[in-house]
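Me: I have a new model open and would like a quick tour. Can we go through it piece by piece?
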Amino acid sequence: MVNLQNDWDGILCDEFKKEYYLKLREFLKYEYTHYHIYPDMYDIFNSLKYAPYGRIKAVIIGQDPYHQPGQAHGLCFSVKKGVKIPPSLVNIYKELESDLGIPPASHGELTCWAKQGILMLNNVLTVREGLPNSHRGKGWEIFTDKIIEILNTHNAPIAFLLWGANAREKAKKITNPIHLKLTAAHPSPLSAYNGFFGCRHFSKTNEFLINNGIEPIDWQVK
């Protein structure tokens, strides 16, 4: 069974026993045996492993993992060092520089964000090589909806950065008035000019955290 080695284990233990998740698990066993699936099976839950429930201060929601070799490693929008920075992340870096004056990083690994308490969660956590959205509708959405519902009950304020239609769908799960919901277009080159550029979500998140007595995020990618 899944072992996250932090407080998520106790919080999600019943979820991993539910019928939908057991069906999803069987589906994934077949997929990983017969196809190239990303991320590596040991990286599927990295978003939860790096950001324990008790330390979460912000959430960024992506769609599904990158579907080309060597890219996805369990954190939305992030790729491992040495991998070409994908176009959506290039645009995230552009907005970060415009908003906070932080120059674009030389790599695309966002582990340093996750370790500061940012849950880097995709809506769907796995994908077949070369086929975006190929694992959509198999149960992951139920699982990630549950995570957002759980975070909605968090007694500390959280900033939710919701980019694109898939992420905005999660907004209806966020009803607790102590949290901040920031919505914008997806950073993809197809939509970034329709409201992602200029959203200033990075500075707005830090302003929200500071106003609530929470240490702001160091957004510089190291």
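Me: Let me start with a detail. Which residue stands opposite valine 59 in S5?
Reply: Phenylalanine 160 does. One caution before we go on: this is a predicted model.

Me: How many bridges link S2 and S5, and in which sense do they pair?
Reply: Four bridges, in the parallel sense.

Me: What about S2 and S3?
Reply: S2 and S3 also pair in the parallel sense. Here there are five bridges. Isoleucine 60 stands opposite methionine 120 in S3.

Me: What holds paired strands together in general?
Reply: Backbone hydrogen bonds, in either a parallel or an antiparallel arrangement.

Me: Back to this sheet. In what order do the strands run?
Reply: The order is S3-S2-S5-S6. Those four strands form an open sheet with parallel pairing.

Me: Which strands sit at the edges?
Reply: Strand S3, residues 118–122, and strand S6, residues 180–184. Each pairs on one side only.

Me: How much twist is there from one strand to the next?
Reply: The average is 15°.

Me: Is S2 buried or exposed?
Reply: Mostly covered. Five of its five residues are buried. On one side are Ala58, Ile60 and Gly62. On the other are Val59 and Ile61. Both faces of S2 are covered.

Me: Which strands does helix H6 lie across?
Reply: H6, residues 140–152, lies across S2, S3 and S5. Its direction is at about 155° to S3.

Me: Let me zoom out. How many helices and strands does the chain have?
Reply: Eight helices and six strands. Along the sequence, the pattern reads α-α-β-α-β-α-α-β-β-α-β-α-β-α.

Me: What does the radius of gyration say about the chain?
Reply: It is 17 Å for the protein chain. A compact globule of 222 residues would be near 17 Å, so the two agree. The C-alpha trace spans about 45 × 40 × 30 Å along its principal axes.

Me: What share of the residues is buried?
Reply: Buried residues make up 54% of the 222. The accessible surface comes to about 10,300 Å². Carbon and sulfur atoms account for 51% of that surface.

Me: And what share of the contacts joins residues at least 24 apart?
Reply: 67%, counting contacts between residues at least 6 apart in sequence.

Me: Is phenylalanine 77 buried or exposed?
Reply: Buried, because its relative accessibility is 9% and the cut-off is under 20%.

Me: What about asparagine 133?
Reply: Asparagine 133 has a positive phi of about 65°, and again is not a glycine. Its loop runs between strand S4 (127–128) and H6. At 33% relative accessibility, asparagine 133 counts as partly exposed.

Definitions and conventions:
Residues are numbered from 1 along each chain as its sequence is written. This is a predicted model: local features need pLDDT of at least 70, side-chain atom pairs count only at pLDDT 80 or more; totals for chains, interfaces and linings use all residues. Side-chain values use heavy atoms; hydrogens and water are left out. Two strands pair if DSSP finds at least two bridges between them. Helices (H or I, at least four residues) and strands (E, at least two) are DSSP runs, numbered from the N terminus. Axes are lines fitted to C-alpha atoms, for helices over the stretch in contact, and angles run from 0 to 180 degrees between N-to-C directions. Contact means heavy atoms within 4.5 Å. Buried means under 20% relative accessible area, exposed over 50%, partly exposed in between (1.4 Å probe, protein chains only). The radius of gyration is taken over C-alpha atoms; the globule rule is 2.2 Å times the number of residues to the power 0.38. Accessible areas come from the Shrake-Rupley method with a 1.4 Å probe; for residues, only the protein chains shown count as cover.
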